[in-house]
Amino acid sequence: MSDAAATSVTLCGFVDSIYTQVVRMALTAKAVPYELQHEDPFETSAAGSHPFGRVPVLKHGAFTLYETGAITRYIERAFSGVCLVPDAATSLARMDQVIAMADNYAYWPMVRQAYAHGVVRPQAGVISDMAQVDAGLAAADPVLAQLDHIATEGHVLNGLRITLADCQLAPMVAALAQLPAGRAQIARHWALNSWLNWISHSRVFRQAVPEAAGLT
Ligand SMILES: N[C@@H](CCC(=O)N[C@@H](CS)C(=O)NCC(=O)O)C(=O)O
């Protein structure tokens with residue numbers, strides 16, 4: 001066992017947190033044992049370990065890290081096991097591009113607008129704003145189209161090999177897919193839809209995001 005693997009790993013976050021799910025996918029893919037420590041910034045009582053009131057936060061021994069993209073890259077570098085980054089410079093660039101696209105263009109419309117107002121709030125009995133659902137679906141459409149180009153090209157999101165791009169994006173697109181309108185929107189993009197079917201049936205996704213198992 002390497003030194004890294006011998007040091008305890010704690011992930012602060014909550015099961016329904018999309019970004020926590022991203023890190024859980026990377027940890028699962030690398031077969032890193034970890035403890036999930038419940039921390040939910042949406043709970044008013046939460047005394048968080050993130051300086052900006054977010055999750056996830058990774059603790060590896062005495063080392064603490066926040067920002068999901070940094071956390072998953074750290075997991076890749078610190079632990080042995082399956083390699084989650086492609087070799088070729090072009091593919092690596094696409095992986096980085098997808099991670100940035102997920103953060104900057106996908107998360108807000110797909111998760112915070114469409115999924116939060118179309119699924120999470122209604123399930124919790126909290127008033128939701130259907131205008132947010134419509135705005136999220138509309139804003140997600142060009143993002144899905146660009147991601148479909150990337151999946152078609154095949155450097156990443158190719159259904160052959162899991163990378164950090166798959167980990168970053170899958171929980172977000174899976175959240176959108178929980179709305180019937182979101183599912184239909186994704187289905188119009190053949191390569192991306194094929195990728196979602198592949199990743200959502202993968203062992204890594206099923207183990208890391210068990211709450212989203214009823215996707216298909
Ligand atoms: N830039 C952060 C974003 C993390 C984030 O937004 N996490 C959500 C949960 S999925 C959160 O903590 N939201 C709390 C809030 O918006 O107040 C990262 O990459 O980790």
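Where is threonine 163 found? Look in the loop between H5 and H6. Before going further, keep in mind that this is a predicted model.

Threonine 163 is buried, because its relative accessible area is 3% and the cut-off for buried is under 20%. Its side chain has work on two sides, so to speak. The side chain of threonine 163 reaches the backbone nitrogen of alanine 165 at 3.1 Å. There is also a polar contact of 2.9 Å between the side chains of threonine 163 and aspartate 166.

Leucine 157 lies in the loop between helix H5 (130-153) and helix H6 (164-177). Leucine 157 is not a glycine, yet its phi is positive, at about 55 degrees. And is leucine 157 buried or exposed? With 1% relative accessibility, leucine 157 counts as buried.

The space it takes is the largest pocket. Helix H2 (18-29) and helix H4 (89-124) are the elements that give two or more residues to the shell around the ligand. In total, 13 residues surround the ligand, and the closest are Ser17, Arg54, Val55, Glu67 and Thr68.

| Residue | Ligand atom | Distance |
|---|---|---|
| Arginine 54 | oxygen | 2.9 Å |
| Glutamate 67 | nitrogen | 2.8 Å |
| Threonine 68 | oxygen | 2.8 Å |

How much of the ligand does the protein cover? On its own, the ligand has 500 Å² of accessible area, and the protein covers 85% of that.

You'll find glutamate 67 in the loop between strand S4 (63-66) and helix H3 (68-78). Its phi is near 85 degrees, which is a positive value in a residue other than glycine. Glutamate 67 counts as partly exposed, at 48% relative accessibility.

The peptide bond that runs from valine 55 to proline 56 is cis, and its omega is near 10 degrees. Proline 56 has its place in the loop between strand S2 (35-38) and strand S3 (57-60).

**Rings that pair up**

A pair of aromatic rings is described by two things: the distance of the centres and the angle of the planes. How many aromatic pairs does a search of the whole structure find? The search finds four.

One of them joins phenylalanine 52 and tyrosine 66, with ring centres 6.1 Å apart. Why is this pair edge-to-face? The planes are at 80 degrees, and an angle over 60 counts as edge-to-face, so the pair gets that label. Phenylalanine 52 sits in the loop between S2 and S3 while tyrosine 66 is in strand S4, so the pair ties together parts that are 14 residues apart in sequence. Phenylalanine 52 is exposed, with a relative accessible area of 60%, whereas tyrosine 66 counts as partly exposed at 33% relative accessibility.

Another pair is made by phenylalanine 63 and tyrosine 74. This pair is tilted: the centres are 5.1 Å apart and the planes are 45 degrees from each other. Phenylalanine 63 belongs to strand S4 and tyrosine 74 to helix H3, 11 residues apart, and the pair links these distant parts of the chain. Phenylalanine 63 has a relative accessible area of 38%, so it is partly exposed.

Methods. Residues are numbered from 1 along each chain as its sequence is written. This is a predicted model: local features need pLDDT of at least 70, side-chain atom pairs count only at pLDDT 80 or more; totals for chains, interfaces and linings use all residues. Side-chain values use heavy atoms; hydrogens and water are left out. Helices (H or I, at least four residues) and strands (E, at least two) are DSSP runs, numbered from the N terminus. Buried means under 20% relative accessible area, exposed over 50%, partly exposed in between (1.4 Å probe, protein chains only). Rings of Phe, Tyr and Trp (its six-membered ring) pair if their centres lie within 6.5 Å; planes under 30 degrees apart count as stacked, over 60 as edge-to-face and the rest as tilted. A residue is near a molecule or strand if one of its heavy atoms lies within 4 Å of it. A polar contact is a pair of N or O atoms within 3.5 Å; within protein, one must be able to donate a hydrogen and the other to accept it, and residues adjacent in sequence count only if both atoms are side-chain atoms. Accessible areas come from the Shrake-Rupley method with a 1.4 Å probe; for residues, only the protein chains shown count as cover. On a 1 Å grid over the protein atoms alone, a cavity is a set of points where a 1.4 Å probe fits but cannot get out, and a pocket is an open set with protein on both sides within 12 Å along at least five of seven lines; lining residues have an atom within 4 Å of a point. A molecule sits in a cavity or pocket if more than half of its atoms lie within 2 Å of its grid points.
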